[in-house]
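Hi everyone, thanks for coming. Please have a look at the picture I'm putting up, and then we'll walk through it together.

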Amino acid sequence: MKRLGIFFFYEKNGDVDDFITYYLADLNKNLTELVVVCNGKLSEQGRAAFSQFTDNIIVRENKGLDVWAYKTALDSYGWAKLSEFDEIVMTNSTLMGPVRPLKEMFDAMWENQDLDFWGLSIHHGAKSNPFKGKHLYNYLPVHIQSHFIVYRRRFVQNPELQAYWDNMPMIESYTDSVQRYEAVFTKQFEDKGFKWDVYVKTDDLKDFTDYPLLVCPTLLLREKKCPLFKRRSFMHELEAYLNDTAGEPVQELYDYLRDETDYPMDLIWKNMIRTMHPHDFTRNLALTRIIEPTVLDEATAQSIRQNRRIALAMHLYFMDMLDSSKAFAAKFPPETDIFISTSSADKKPQIEAAFADLNVRSVTVTVVENQGRDVGAFLCDLAPQLRDYDYACFMHDKKAIQTRPGSVGASFGYVCNENVCKNAAHVLNVLCEFEKDPYLGILCPPYPTHGLYFMNMCSGGWGPNFENTKKLMKDLGIDVPVSGEKSPIAPYGSVFWFRPKALAPLFDHGWQHSDFPPEPLPQDGTISHAIERIYPFVAQSAGYYPAVVMSKNYAVTHNDTMQAYAGGVIRPLARVFDCTTFYGAVSSATGFAYKKHHLFSHYGPYSDSRRRHARNWLRDNLPAGSYRVIINTKRAIFGPHEGPYED
């Protein structure tokens, strides 16, 4: 048996994660030769990883997607040499696994010598063609999915296949790849009389879903002996899952892999954290922490108190809130070291007196420059004292005095404190979450959605801060996925839990109070607001992930709140649009909004709109006073009239 493997790889930095070498280690046992084709870059680490399996590594220009990568490999051999192989396997780095030896699949398929080509899995097609562009068919044909497809010798020797690849046009986009190759290849050659099949039989599921490997992967792995699963499972948008499911497929997949296979789960975590947006994988895996008001794991909590260093960092400005700030700190275990910053020398003795009888290991109060408010104090003065701690919490006496009515700002503070530090048991349970999950880097309260926060936060939470956050990421050398379309899992309000190691890239910057604008601080769009949003991306760059934390009581309130928001928005839409699914409602509303705003020649996220770019340019290039006059005039005429975008 002679079998050639062609493995296609793309990663923007050319780095090869361990899940790929794990896959290739098993695949290579079934191959006579392996050729790896890399589109774009291949780092030294990546080359070393692939060199474990082959010296035949082709690095080519990143054009033509997977189709031209495969074509490049085929061309490098030529049809005469390719015809010497019994089988040619074409696969890529969109698959993870295996969870059982690939030899089982190869042996089972080799028994059927009547096939010209075969694959791992099937897409059951669709009655209409969802892809734009030139359609070979006005529907989406049933097809072998291109992540794993195998050609037999007689198929390779056939002039029909050779002409297909020799005359393959350049592929310009993903849609082009689907239309010209993946979705049509199977039907085109079936119509010519060639025979094909797949290893994972899902005809019984074609009325259940058109894409079984993505929608019901656990069923395929457990009941149909599928050896591989899709990396996309973890990064697929939850909204897309909700068109066909209640959002459970990825959680079921993860639980199955963890509990019923020996697949190393670290391979998934490392790739998710390095390459995926937490907005996607934290929702798909339901990583939001719901914290009980009573201690769940006394043994772990006790071990943390004995063996881990715990810190609470506080910036206290409002002396009329001193009692509530002390009550916050009183919920921490006695082994906690508390570091407090304040803005003037006369406040220091008041704080020291108030905290004198607190049952903690130590309390240190420092007077700091009053520039940068809580964010400046945290990074310039408090963070350097936290480096050697295992787990830490930061809070400040949030008052939001500029928000009207005052209840809106007070409730923002409630959202922060209720979910970060409800009671002493809550604090210990949060510490246990960090102890049990080595990849957890930061826990943030949910973003506020009440009052004037609703529209900005529920539409992404970026406000005018997308560009300045991206700039700060570049300045700090942070290269992780960021998108104006996806909300950062950020501690709005600057009250949060964190692992100091996770924020080391930010702490190492050497912040000075002069890095922050002087008072009066603008309500939005400053470096402080960028820092507030960059915390999760910093943690991700350090190898950790961010997640949301909620008290059990607040989680119930939050669920009911979101139901109220959804109902309030959807009821009028239901009277206007003729649709039944989430996807249909979104498409209809988007189409309506686009038509309404077509004169702006852009419809999409405000963070990426021309209006937002224009505002950012004005802010960065005009004197502060002139900029405020323009913005205040704009708001007076066009709105918003209710208050600031965020506080």
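Among contacts in the chain between residues at least 6 apart in sequence, what percentage join residues at least 24 apart? The answer is 79%, where contact means heavy atoms within 4.5 Å.

A word on the ground rules. This is a predicted model, so local features need pLDDT of at least 70 and side-chain atom pairs count only at pLDDT 80 or more, while totals for chains, interfaces and linings use all residues. Residues are numbered from 1 along each chain as its sequence is written, and side-chain values use heavy atoms, with hydrogens and water left out.

Now the overall picture. The chain has 29 helices and 19 strands; these are DSSP runs, helices being H or I with at least four residues and strands E with at least two, numbered from the N terminus. Its radius of gyration, taken over C-alpha atoms, is 28 Å.

Next, find the open sheet of eight strands, in the order β12-β19-β17-β18-β16-β13-β14-β15, with mixed pairing. Two strands pair if DSSP finds at least two bridges between them. At the edges are β12 and β15, each with a single partner strand, so one side of each has no neighbour in the sheet. Inside it, β17 and β18 run antiparallel and are joined by two bridges, and Leu-443 has Trp-497 in β18 as its bridge partner.

Finally, salt bridges: a side-chain nitrogen of Lys or Arg within 4 Å of a carboxyl oxygen of Asp or Glu. The structure holds 37 of them. One of these joins Glu-84 and Lys-2, at 3.8 Å from N to O. Glu-84 sits in the loop between α4 and β4, and Lys-2 in the segment before β1, so this pair ties together parts that are 82 residues apart in sequence.

Compare that with Asp-475 and Lys-471, which meet at 3.1 Å, N to O. They are four residues apart in helix α23, about one helical turn. Asp-475 is partly exposed at 46% relative accessibility, whereas Lys-471 counts as exposed at 54%.

Note on methods
Rg over C-alpha atoms; globule rule 2.2 N^0.38 Å. Buried < 20%, exposed > 50% of the residue type's maximum accessible area, 1.4 Å probe, protein only.
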